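Welcome! Take a moment to look over the structure below, and then we can walk through how its chains meet.

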Protein chains: 4
Amino acid sequence: MSWNSFGRVFRFTTWGESHGPAIGVVVDGCPPGIALAEADIQPWLDRRRPGTSRFTTQRREPDAVRILSGVYEGHTTGTPISLMIENVDQRSKDYSEVARAYRPGHADYAYDAKYGFRDPRGGGRSSARETASRVAAGAVARLVIPQVRVRAWVEAIGGDAIDPANFDDAQIDANPFFCPDAQAAVRWEALVDDARKAGSSLGAVIAAEARGVPAGWGAPLYAKLDSELAAACMGINAVKGVEIGDGFAAAALSGEANADPMRPAPPGTGGGPEFLANHAGGIAGGIATGQPVRLRVAFKPTSSILTPMPTIARDGSATEIATKGRHDPCVGIRGVPVVEAMIALVLADQALLHRAQCG
Amino acid sequence: MSWNSFGRVFRFTTWGESHGPAIGVVVDGCPPGIALAEADIQPWLDRRRPGTSRFTTQRREPDAVRILSGVYEGHTTGTPISLMIENVDQRSKDYSEVARAYRPGHADYAYDAKYGFRDPRGGGRSSARETASRVAAGAVARLVIPQVRVRAWVEAIGGDAIDPANFDDAQIDANPFFCPDAQAAVRWEALVDDARKAGSSLGAVIAAEARGVPAGWGAPLYAKLDSELAAACMGINAVKGVEIGDGFAAAALSGEANADPMRPAPPGTGGGPEFLANHAGGIAGGIATGQPVRLRVAFKPTSSILTPMPTIARDGSATEIATKGRHDPCVGIRGVPVVEAMIALVLADQALLHRAQCG
Amino acid sequence: MSWNSFGRVFRFTTWGESHGPAIGVVVDGCPPGIALAEADIQPWLDRRRPGTSRFTTQRREPDAVRILSGVYEGHTTGTPISLMIENVDQRSKDYSEVARAYRPGHADYAYDAKYGFRDPRGGGRSSARETASRVAAGAVARLVIPQVRVRAWVEAIGGDAIDPANFDDAQIDANPFFCPDAQAAVRWEALVDDARKAGSSLGAVIAAEARGVPAGWGAPLYAKLDSELAAACMGINAVKGVEIGDGFAAAALSGEANADPMRPAPPGTGGGPEFLANHAGGIAGGIATGQPVRLRVAFKPTSSILTPMPTIARDGSATEIATKGRHDPCVGIRGVPVVEAMIALVLADQALLHRAQCG
Amino acid sequence: MSWNSFGRVFRFTTWGESHGPAIGVVVDGCPPGIALAEADIQPWLDRRRPGTSRFTTQRREPDAVRILSGVYEGHTTGTPISLMIENVDQRSKDYSEVARAYRPGHADYAYDAKYGFRDPRGGGRSSARETASRVAAGAVARLVIPQVRVRAWVEAIGGDAIDPANFDDAQIDANPFFCPDAQAAVRWEALVDDARKAGSSLGAVIAAEARGVPAGWGAPLYAKLDSELAAACMGINAVKGVEIGDGFAAAALSGEANADPMRPAPPGTGGGPEFLANHAGGIAGGIATGQPVRLRVAFKPTSSILTPMPTIARDGSATEIATKGRHDPCVGIRGVPVVEAMIALVLADQALLHRAQCG
C-alpha cells in the first residue's frame, strides 16, 4: 500500500517525486493561532539543502518553501497547512540506463516488484528529495512544542566516531558535517573527500536529543513514544537501525548497571525528580520521564557508487550497472535535519494526544 | 494518549492488566474461511508461557486461550476474533511498597506522571504479561500468510553472543533459551542462573528472520515495511533498539561493501533474482525484495532487581526500593515468541495492504 | 473489509455474535481518573435489554456487563476498558432453514457474497445484539462528557407520529415505547400488538437531542460533527436515514425561513449568543454552535416477518422463506438507547479531539 | 480537531481556502498503472465550475487542475497524486463586515468559537470552493472502479419536485439544474431566478445512484457502506440529511411492504439474484447486494441572503447583517457533481478494502 501520511492527530501527508514539477506536504491538525511564515520554515530547509558543500550532492535546489493554505494574517488558522517546494534543478539526463536495469541497494527492483513499473527519474518517489517535505513539516511541529529543543548531530562516519570528550554543541553548525567534535570534523573532511573522489560512499551514525519533553507524553503500548520515534526514524531513506537511550549496549548490561536511580529535585528547581543516569533515553514504558529523550540512528552508505556491480535488467538478464551522476557521498550527513524534523513531528503529535486524553 | 491498537487493515487491540481477571485481544480484518481453533494458537502461547524453566518468572499461568467470536464451524468468518486468556496466578501480594515509591527503570513514575495514578499490581498494564495477547494475535496472523516462515532466536545474553558457526536451527527449541548454538546454551545456563540467584538481571539480543516474504510487500514511505517492523518491535516491553539487516554495522561500511548485487535466478527456480548478499535485510525503499527479512532487537535487562536503588516516593521524598517477588532474570528470552508474533502481525497487515492496492 | 472500531481518539472496538459465548467492547483512549463501575453501565443496558415487554423480542438476556480491565480502585486508569456481556439465552434452534436460503432484507445474502459463508445462528454478527456493546461503550462515553445530556425518543411508529404539543419528557421512560406523547403511546400499544400478532413488523423514527455541547466541538471538514453523527447513526442496524436539525424539510425552505438569527445572551447568563431558531440542529460548518444538537433517525421495519417471501437458496434455486422465532416487531423502539449511545460516543471523541487541537 | 482526510486505504486530503492562492488535494493509495491525465479530471470540474449560468455564483474560476505528482508517462505510479487548482477570481472585496459580525447560518460563529479567529475572505476554509478538490479526487476514484457508473441529479428545488414519470437520463446534463424532468427544469428556471433576484436562496434534494457495485463491497459494522456514504455526503457543505434507499419513507412501512424479494437471475444473465424491489437502496447489513446503490441528500438553502438578519458582532453586541456579493441562489445544484464524487470516493475505498480482506 502507498501510505504517505504520518501522525495521529498532528498529521502530515507528503507528495512529489524527485523530478516532478514540485514536492510538498500538507500538515493537518495544527493548533490555531501560532505565528507562522515562510521565514519560520526556510532556515530548516536551508540546513538540509543540497549543494551547500562539496560533501553533498551537487544538485542545486533553492528549496524555497511556499505556504499555500492554513495561515491568515501570519497565524495558523487550525486548517490544513499546505507547503510546496518547486523542483528547479531537474537536470535533463538520460535515465534509460536506470530504467533498464536495477541498481543494487536501491529501491528500483522493489518498486517494480510492487507496482509493475516506476518513475526512474532521479529515483522518483524513493529519492531522498522527499525528506525536504519532512523538514518543512518539522519546522511547523517545532512551533507547536516551543518548550522542546530538538538537536541532532553526526556521531560517526564510515566507522570513525567522535570523541565524546570533545563534544561542543557550538561546533555542530560550524562545519559541513554537523559534527560536534572539531577534530573529527577535520578527519571526516579527508574521509568523505576520498570517498567522493573514488565514487564511493560512506555510512553514518546520527545521535539526537530532545530536551524539555515533559514527563507524561507518550503512550503505554502501540503508540509508545519510543515506538513512534523508531517508526519515524526507520522510515527515513537509508536508515537501518534505531536505538533509544543505550540501545544495543543495554543488552549487554546487568540490571544494576542499567538502572536510572532517582532522587528528589533540589529545592527550588521545581518539577520532577532528578535522575542519576539516563540509560533509558528519557522513556519508560513508552512514556517520557522528563529526562532528555535520546536516540541514535544508523544510515547505510548511499547505494549510488561508481564501481560497476552485477545486477539484472528488467528483462531478467544479467548485466552490470554503475551509478553516475550527482549523489551524496554520505547521505547520513544531510540526515541530521531530517532526524530532527521527524522527532519534532512525533513529539508534537504526542503533545496533542496527551492533551486529548489527560487534559 | 492510550493507543492499544496496531495495524492498518489487519488490526488488533489488546486489553488487560497483569492482575486483573483476564487479558485479551480483538483481531479485526482477518480474511474469512481460514481454519482456526484454539489449538492453532495455544502452542505459540506455550512457548511464551512463564514458569516453564527456572530461567523465567515463576508465575504459574496456564495461558489457556479461548476464542469468543469470529469463528464458525472451525473457520474465520471475517468478523472480529476475540481471544481471552484468564489470569490465574495473581498471587495475593502486598503492593503497597510498589504503590508508594517508583522503581527505577520501570514505568511507575512515567505512568503516574501521565495519568495521575496507576494500577500497581504486578505492573498493571505495563506488565510483560500483555505480550501474551500479542502472541495470540500473532498466531492468527501466521495463518493469514502461510507462505511465510517467521523464526526468532536469542543471539546474545548479557553480552555473551552465539558463534554463528555453531548455528543450528534445530537447537532453538531444544533449550530454555531459544539458543541456536548448543555451546552458548550451556554457558547461558550458568550465566542466567547466577543472575537469578543474585537477584540481578541480564539484557539480550534477539535475531529474527522471515522467509517467504514476496518481493513487493511493503510501502514506499510512512508505512515502510522496515518502519512498521521497527515500530512493532520497539513497542515490546524492554526493547531499546532495532536493526534491519546489517543495522548499525552498515553505518561503518562503504557503498561497495554494503551492496547486495543481483544475478538472474538459476534456470528452473522461477521467481525473482538471486542476491549475492543481504546487507539490506530483505527490504529496499521500504518494500520487500524477496530475500529473507532480517532484523535484530535489543532487550534491556529487567529493571526488577534485588539490589536496593535510590528513588523517590510518590510524595517526592527520597527513599530506596528493591524489587522482590517473581520476575524474569532475562526478559529477552521470552521475547522470542513475542518478536515472532509482531513480525507476523506486520507481515499479515502488509500482505493485505499490498493486495488492496496492487490486486 | 471488516472494520469493527469507531472513533478517532476516544475509540471502541466491538466483537461477538448473537449466539457465541459472549459479546463485548474494548473502549480505548478514555481519560484517567473517572469513577466507573458496572453500576454506571448496567442501567443503560437495561433500557435496551430484550424481553422487558411484549413489544420487544422475547429473547431473555440479563445483559449483565462485566468490566475486565482499565479500572483500578473504582476509577479509569487511562488504559483500555474491556467490557463483556455473556450470551445466556441462545435457544437451541434449528438454523438449517436460515443457512439454506436468504431472508429478503436481511444481511444473509450480502454476507455470503462478501465472505463466502456466514454464521447463521441468530444473524451472527449482523444481529442487533451487537448494539448492546455500543450501549455499554456509550455509558462510558457519557462519563467523559458529564456536561452533556443526551436524550432520544420515538417520534413515530409505522407512520403514526407523536403530537409535538403533547411532548412530555417525563413520559419517555414511562411507557415501553420511549414515547414522549402519552396519547400516542396508547395508540402504539395497539399498533405494535397488531403487528406482533400478525407476525409483521413496523418502522420507526427516532429523534434525539444533546444539550450542553459547547460551541467549538466538531471539525470543519472530514470529521464534521454532523458527518460523524451521520456515520454513527447510519451504522446502527436497520437505520436508513439521518437528518440533522430540519434535515429534508430544510431543502424546501428559503434562506430567510431557514435562518437561525442570533442576539446577545441576556445579561447574567454568560456564555454564547442566544439563537432565535435552531433549524441547523446546533451545528454549522461541522462545528457545534452551542445550541442543542438535534437529529432524527429512520429505522426500517424488521425484515423478519412471518409472511413467506420469494427468495433464492444458497444453491441459486427459487424458494420461499418465512422468519419464525423471536424478533422485535419494531426494532426502532430498542434503537433509542443505541442512538443515545452513539451520540455520546461521537461527542466524547469530539470533546477530546477539540482539546487536542485547541487546548 | 482539524481532520481533512477521508478514506481508509484509498484516501485523500484536501487543503486550501476560498481566497488563498490555490486549493488542492492529495490522493493516496491509488492502484498503479491507471491511465490518468488532467483531461480525465477536468470535465468533472467543469460540471461543478461556478459562473456557467446565471443560476450559480458569478465568481469566474477556470478551475484548471494540474497534476503535480504520482503520474509517470501517463499512468499512476501508486504514489500520492497531488492535484492543484489555482484560485483566480479572488475579487478584492472588503471583508471587514463579515469579519466584524457573524452571518446567521454560516460557520462564522462556530469557527470563532473553535479556533478563536478565522479567515473571513470568502468563507475561508468553510467555503463551498473546497468541494472542487473533492470533485478532482472523485475523478481519480472513478478510474479505480470503472465497472461502476455513478449518477446524481436534482430531485427537488425549494420543495418543487420532479415527476418521476418524466425521468429522462438524457435531460440531466441538458439544463443548468441537472434536472432529469424537462418540465420541472422550466419551472425551476423561474423559481431560481426569482430567488436570485430577491437575494434569497433555496434548498434542494439530490438523488444519486451507483450502478455496477458488486455484491460484497462494504463492511458489517463501523465502515458499513451506508455509514460511509452517510458520512461522505453529510460532510458536504450545506447538507442536512441523507437517506439510503427508501430512507425515512421506510420508517412508515410494514415489513411486508419494505421487503426486497429475490428470485434466481434469468438463465444466461449470470451473476446474482434478481431482486423484485430495491427499498434497501442496494445495501443490506452494510454490504452491497448487487442492486443499484441509491441515496438522497438534502441541501439547505444557502445562508447568504440579502435580507438583513439579527445577529451579534464579535464583541458580543447586537447588530444586523446582510450578505452582499456573489453566491449561489441554490447551492444544491452544484452539489450534484460533489455528491457523485463523494460516492465514487467511498466506493473506490470499499473496493480496495474488500480486495484486501477477501482477495
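This is a predicted model: local features need pLDDT of at least 70, side-chain atom pairs count only at pLDDT 80 or more; totals for chains, interfaces and linings use all residues.

The contact draws on 43 residues from chain A and 43 residues from chain D.

## What holds the eye at this interface

How many salt bridges are there between chain A and chain D? The count is 0. Polar contacts do turn up, though: 6 residue pairs are found across the interface of chain A and chain D, with both residues at pLDDT 80 or more.

Which elements of chain A supply at least two residues each to the side that touches chain D? They are the strands β2 (11–16), β3 (22–28), β4 (65–67), β6 (75–76) and β7 (81–86), along with the helix α3 (108–115). The most comes from β2(A), which gives 5 residues.

## How chain D relates to chain C

Now try turning chain D by 180 degrees, with a shift of 0.0 Å along the axis: chain D can then be laid on chain C with an RMSD of 0.0 Å. That is the relation of a two-fold axis. Both copies use the same surface, as 100% of the contact residues of chain D recur in chain C.

To find the rotation axis, look for A231(D). Among the residues of chain D, A231(D) comes closest to the axis, with its C-alpha at 2.4 Å.

Technical notes:
Residues are numbered from 1 along each chain as its sequence is written. Chains are lettered from A and ligands numbered from 1 in the order in which they are written. Side-chain values use heavy atoms; hydrogens and water are left out. Contact means heavy atoms within 4.5 Å. A salt bridge is a side-chain nitrogen of Lys or Arg within 4 Å of a carboxyl oxygen of Asp or Glu. A polar contact is a pair of N or O atoms within 3.5 Å; within protein, one must be able to donate a hydrogen and the other to accept it, and residues adjacent in sequence count only if both atoms are side-chain atoms. Helices (H or I, at least four residues) and strands (E, at least two) are DSSP runs, numbered from the N terminus. Copies are superposed by least squares on the C-alpha atoms of residues with pLDDT of at least 70 in both.
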